[in-house]
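Please read this briefing with the sequence and the structure side by side.

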Amino acid sequence: MPEIVEGVSPTRMELLRLSRREKLAEKGHDLLREKRDALIAEFLDVVSEVRDARKEAEDKLKEAFDFLIVAQALSGVEQVRQLSLMTSREIEMDFSSRSIMGVHVPILELENDLARKVTERGYGFMDSSAAVDRSARSFEEALEKIIKLAELEEAVRNLAGEVEKTKRRVNALEYIMIPRLKATRKYIRMRLEEMERENFTRLKKIKAMLERRER
Amino acid sequence: MIAVIGDPETAAGFRLAGVKEVYEYSDGREDVARVLDKLAKEEVAIIIINERLAAEAKNRDKIREINAKKRNVIPIIVEVPDKKGPMVKEVDEIGRLIKRAVGVAVK
């Protein structure tokens, strides 16, 4: 038996207020349940995407590391480092977010392709080699995939948080709030009935007393 | 803006790809947690960090803290493998999230 709401007086007014609250709680419960189901559906969609995206990014990155190691073997670690210091640039990114049932999910958009032409990288041809080009190229591609992955992983994290919160609210309403309101309503109804019965016997008694006195 | 925290190879690679903010760590000694804090304050959009660095207890805590604290969607911290390939993780982050959100593990 769930406990009753504290501090209620057994009156008809209170009974009316309680049944209004109970209706509201039930409506809220239904809405939240729908929200939860929609969020979970969305969440599972994104999850399957994120697994693929991670796999892709990791594969690409592995390839990039392989090329990098070849480049380092051919030109020397220090030389590759020197070259890498010359290739920095601004990475233009458009940052916005869309909302799935009130959850902010980031959208990252690159203004232009990350992959550059050999001439755009900013190092000289004399010091670099095909191997360096190849590894730079793969790292650019890997970076693109990682940015995509970042977007998806963040979406998963945010959605998971919201699903959990919504679930907790649904459960709180379903297992605590609504039963408690119901129990309180029942308690008040029984108290009112009890009072009515008391009153009834009291009236009977008084009536009998009055009749005796008249005689 | 994108920032990378990683070992020398990761650093060199992402520099080649054109990333400007690259922090190189040859060893676990340096204070990665402090760099993470600094980047979070600077409103870097994406922080790419090596899994091995992220897995160190102090850094792991810091990443959790940043994720819990942020109001906006940034910074997004992505963990990527280093040259040795993906780590076998003791806790699968995504798997854990699924379990908590849905109640059952979905493969």
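The crossing of α1(A) and α3(A) is left-handed, a term used when the near helix is turned anticlockwise from the far one by less than a right angle, whereas clockwise would be right-handed. Helices here are DSSP runs of H or I with at least four residues, strands are runs of E with at least two, and both are numbered from the N terminus. This is a predicted model, in which local features need pLDDT of at least 70 and side-chain atom pairs count only at pLDDT 80 or more, while totals for chains, interfaces and linings use all residues. Residues are numbered from 1 along each chain as its sequence is written, and chains are lettered from A in the order in which they are written.

**The helix pair**

- α1(A) and α3(A) pack at an angle of about 165°, and their axes, which are lines fitted to C-alpha atoms over the stretch in contact, lie 4 Å apart.
- That angle makes α1(A) roughly antiparallel to α3(A), a description that applies to angles over 145 degrees on a scale from 0 to 180 between N-to-C directions.

**Chain A as a whole**

- Chain A has 3 helices and 2 strands, and from the N terminus on these elements follow the order α-α-β-β-α.
- The radius of gyration of chain A, taken over C-alpha atoms, is 35 Å, well over the 17 Å that the globule rule (2.2 Å times the number of residues to the power 0.38) gives for 215 residues, so chain A is more spread out than a compact globule.
- Along the principal axes, the C-alpha atoms of chain A fill a box of roughly 130 × 25 × 25 Å.

**One residue of α1(A)**

- A:R33 lies in helix α1 of chain A, which covers residues 12-75.

**Where chain B meets chain A**

- The contact, in which C-beta atoms of two residues lie within 7 Å, takes 29 residues from chain B and 42 residues from chain A.
- On the side of chain B that touches chain A, the elements giving two or more residues are α1 (8-16), β3 (46-50), β4 (76-80) and α5 (93-102) of chain B.
- In α1(B), 8 of the 9 residues are buried, including B:F14 and B:L16.
- Just after α1(B), B:G18 takes a positive phi of about 105°.

Terms used
A residue is buried if 20 or more other C-beta atoms lie within 10 Å of its own, exposed if 12 or fewer, and partly exposed in between; C-beta atoms are placed from the backbone. Angles under 35 degrees count as roughly parallel, over 145 as roughly antiparallel, 65 to 115 as roughly perpendicular and the rest as oblique.
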